[in-house]
Amino acid sequence: MTAEESLGRVLVVDDDPGIRDVLTEFLGRHGYEVEAAADTRAMDVAIDERPPDVVVLDLMMPGEDGLSACKRLYAAGGPPVIMLSAMGEETDRIVGLELGADDYLPKPCNPRELLARVRAVLRRRRETSRAAAPTLFLSFDGWKLDLVRRELSSPQGVTVNLSSGEFNLLRVFVERPERVLTRDQLLDLARPANSDAFDRAIDVQISRLRRKLDDGSGREIIRTIRGEGYVFAARTGA
Amino acid sequence: MKANRGGLPIFVQLLALAVLCLVSVQLVNLAGVLFLPDPPPEGFSIADAAKALQGHPVVTPSGHRLLAEVTSHPPAFATRSLPIPVITLTSVGAQRTLTKRVSDDNAQDDPLNPVVAEALAQALNVEPDRVRVQVHHPQPHFYRAVDMASTHDEITRHMREHTRLVIQMSHATVLPDQVNLHMGAVMKDAALFPPFAAALKLPDGRWSVITPPHPLLSAWQIRMMATFTASALIVILIAWFAARRLARPIHAFAGAAERLGADPQAPPLTFQGPAEVRTAVAAFNEMQDKLRRYVNDRTLMIASIAHDLRTPLTRLRFRIEGAPLEIRDRVAADIEQMDGMISAALAYARGETRSAERARLDLTALVSSVVEDMRETGAKVGFDAGAPVLVFGDALGLKRVVVNLIDNAVKFADAASLSLSREDGKAILRVDDAGCGLPADELERVFEPFYRTDAARSTTTGGFGLGLATARTIARAHGGDVTLSNRPGGGLRAETVLPALG
């Protein structure tokens, strides 16, 4: 790192001194200014003294646990939180994200992944205004897209599971209604950074999405514009 | 706790039922005895017999048809000679004396035969020797009084005690059978005689014969049977209602217990029904509570072990970050494998305890999303999504079932082929592979937690032996099951059955 000053201030909250040590050492080595706290009371003190740019918060701690601390920080409009937890199952992740965590990493994590998440959270915070609450749901025509659970609910209340490819694609559509999107645009927007899906896969996924969105009314929510691309034709709302 | 419905103990209810049945049967029988009208007498009058002998159809008071047959030979009873009765009726003031004498050589013959024969001949207006009579069901006490000279009062008393064939005439009650041969048409038409056969010799030498009707059941037998049937119907009705009332809470209890068995986190049962059932419900709830606490304790233990293991693993993962690349990657792979085992243990423990939120969900979409995601990691999975199959369940848990089953197929047979269908209100997911299958005795054992086949033990990717156990636990918590079978064409089939929504 060649920056003359630190990339950001990170507060590590974990009851295990070993974890605090390795995290402080690792993030410090990569150019972050790191402070550590053994519990949420120490965390509050540290935040009062010098607000960090991001908090890396353990979930299971003696005293107040990470989830309730996360909820509290979120409610108070505090710094962004990355939950780091030994309870890495999908439900725990969902609960963490629903309570306002910006990201969730299971223990043991790849150190470089933690680094990437810290960077991403800091970048997002710089881009979006402080007050914007994270969106948990998107809706269209009575359908509800749960961004945390990555699930779709039909107007009749039936849960329709999506593969991650379908979810990414549908999210792109719902966030850009009534616009013609070319196949290339869809690929760029929907594909995760490290994916190498083919061009063809978009068409397959769109036909699958259409089937899942078919409520029997015969109305096409995703319309094909010949020679151009696709249009998402639905009334949307957050 | 709801209000106690049907709260009496089963013991009391059964006792009450028995008593109620007994009382109602007795009441019906008593009512039959007291209030049913007398059945019409079995016999018929001289006039009826005469009409029948002359060839007219006659219906007797008891409802039977009396019809004469014409034969060329006399009936057996007509061949015997007639005894000559001597009957006198003397009146002295209010006292009347009745006397009858029958010739001794016909002692075995019914004494009424000649009397009736004579009356019949009179009614037919023919000579007595053309008429023969055979009285059926002789009732000797009729005549005992007649055989000796008696006062009218004695006869009356005697008849009151022993006979039914009595008619009322002015102030005196008179036994018609023997007496009223000289008392005119009233007696002839009104008096009923015990059933008798009669034969009339026609002018052309043939015989007109009437035989008394032989009903299958006599009037009193029919009446008894009617009361029996009525009481049986009443008992059946009472028993039906009582059995339903008694069975309903037990049935409800069994159903609720079954639901509880499917989902250990289900809410406790409500107290309803007879005292015994309520006691059972209470015991059941207590047992359920203990079981839940036990399972929860165990999960908590596994979770804390997992947590405690993951913390040093995390430290290790960070500490090797500075190590040479080769070592770092190998250690990282080991850490990943250990973490996988911890995840499997956690998932298994959670499958038993979690009170996941359940919702109506489209199983077809769920399976196809899992298949898509697994295809992206390079697994060869075949699945043709058909019509939506709706189930009520927890999406994450069911996803894990599908993932685990596909994982197994891919791990041991390199590829999986899925099919999902709805049959008889059940959603059936089949995960087939083209591997070498399993010996029959392993098909159930592989569901035991931590059990691994030799093949699974030898692979480096081999898990913890919890994948199938977890899948089955989750499926059972949804009221379904997972089973394995060898496919006829080779390979293994994992079949998941879940209750489907209408």
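This is a predicted model: local features need pLDDT of at least 70, side-chain atom pairs count only at pLDDT 80 or more; totals for chains, interfaces and linings use all residues.
**Entry 1**

I began with the secondary structure of each chain. Chain A has eight helices and 13 strands, and chain B comes to 15 helices and 18 strands. I then looked up burial. In chain A, 36% of the 238 residues are buried; in chain B, the buried share is 32% of 502 residues.

I also looked up the sequence range of the contacts. For chain B, residues 24 or more positions apart account for 65% of the contacts with a separation of 6 or more.

**Entry 1**

**Entry 2. Helix α1 of chain A**

I turned next to α1(A) itself, which covers residues 17–29. At 1.5 Å a residue, its 13 residues should span 18 Å, and its end C-alpha atoms are 18 Å apart, so the two agree. The buried residues in α1(A) are Ile19(A), Arg20(A), Val22(A), Leu23(A), Phe26(A) and Leu27(A). After the helix comes Gly31(A), for which I noted a positive phi, near 95°.

**Entry 3. Helix α1(A) against helix α9(B)**

I then examined how α1(A) lies against helix α9 of chain B, residues 275–319. The axes of the two helices come within 9 Å and cross at roughly 25°. An angle under 35 degrees counts as roughly parallel, which is why I recorded α1(A) as roughly parallel to α9(B). The crossing in which α1(A) passes α9(B) is left-handed.

Which residues make this contact? From α1(A) I listed Gly18(A), Ile19(A), Val22(A), Leu23(A) and Phe26(A). From α9(B) I listed Thr311(B), Thr314(B), Arg315(B), Phe318(B) and Arg319(B). Together they divide into five nonpolar, three polar and two charged residues. In the list of buried residues of α1(A), I found Ile19(A), Val22(A), Leu23(A) and Phe26(A) among them.

**Entry 4. Helix α10(B) and Asp334(B)**

I looked up Asp334(B), which is found in helix α10 of chain B, residues 325–353. I recorded Asp334(B) as partly exposed because it has 13 C-beta neighbours inside 10 Å. Its C-alpha atom is separated by 9.9 Å from that of Leu313(B), 21 residues away along the chain.

**Entry 5. Helix α11(B)**

Helix α11 of chain B covers residues 363–376. Its 14 residues should span 20 Å at 1.5 Å a residue, and the end C-alpha atoms are 20 Å apart, so I noted agreement.

Is α11(B) mostly covered or mostly open? I found it mostly covered, with 12 of its 14 residues buried. The buried residues include the charged pair Glu372(B) and Asp373(B), as well as Leu363(B), Leu366(B), Val370(B) and Met374(B). Just after the helix, Gly378(B) takes a positive phi of about 100°.

**Entry 6. Helices α12(B) and α15(B)**

My last pair lies within chain B: helix α12 (residues 395–413) and helix α15 (residues 467–477). They pack at an angle of about 145°, with their axes 9 Å apart. Here too I noted the handedness: α12(B) passes α15(B) in a left-handed crossing.

On the α12(B) side, the residues in contact are Gly397(B), Leu398(B), Arg400(B), Val401(B), Asn404(B), Leu405(B), Asp407(B) and Asn408(B). They meet Gly467(B), Leu468(B), Thr470(B), Ala471(B), Ile474(B) and Ala475(B) in α15(B). By class, I recorded seven nonpolar, five polar and two charged residues in this contact.

I followed up one of these, Asp407(B), which is found in α12 of chain B. With 19 C-beta neighbours inside 10 Å, Asp407(B) counts as partly exposed, because burial calls for 20 or more. Asp407(B) and Val381(B) are 26 residues apart in sequence, and their C-alpha atoms are 9.8 Å apart in space.

Note on methods:
Residues are numbered from 1 along each chain as its sequence is written. Chains are lettered from A and ligands numbered from 1 in the order in which they are written. Axes are lines fitted to C-alpha atoms, for helices over the stretch in contact, and angles run from 0 to 180 degrees between N-to-C directions. Helices (H or I, at least four residues) and strands (E, at least two) are DSSP runs, numbered from the N terminus. Angles under 35 degrees count as roughly parallel, over 145 as roughly antiparallel, 65 to 115 as roughly perpendicular and the rest as oblique. A crossing is left-handed if the near helix is turned anticlockwise from the far one by less than a right angle, and right-handed if clockwise. Two residues are in contact if their C-beta atoms, placed from the backbone, lie within 7 Å. The expected span of a helix is 1.5 Å times one less than its number of residues.
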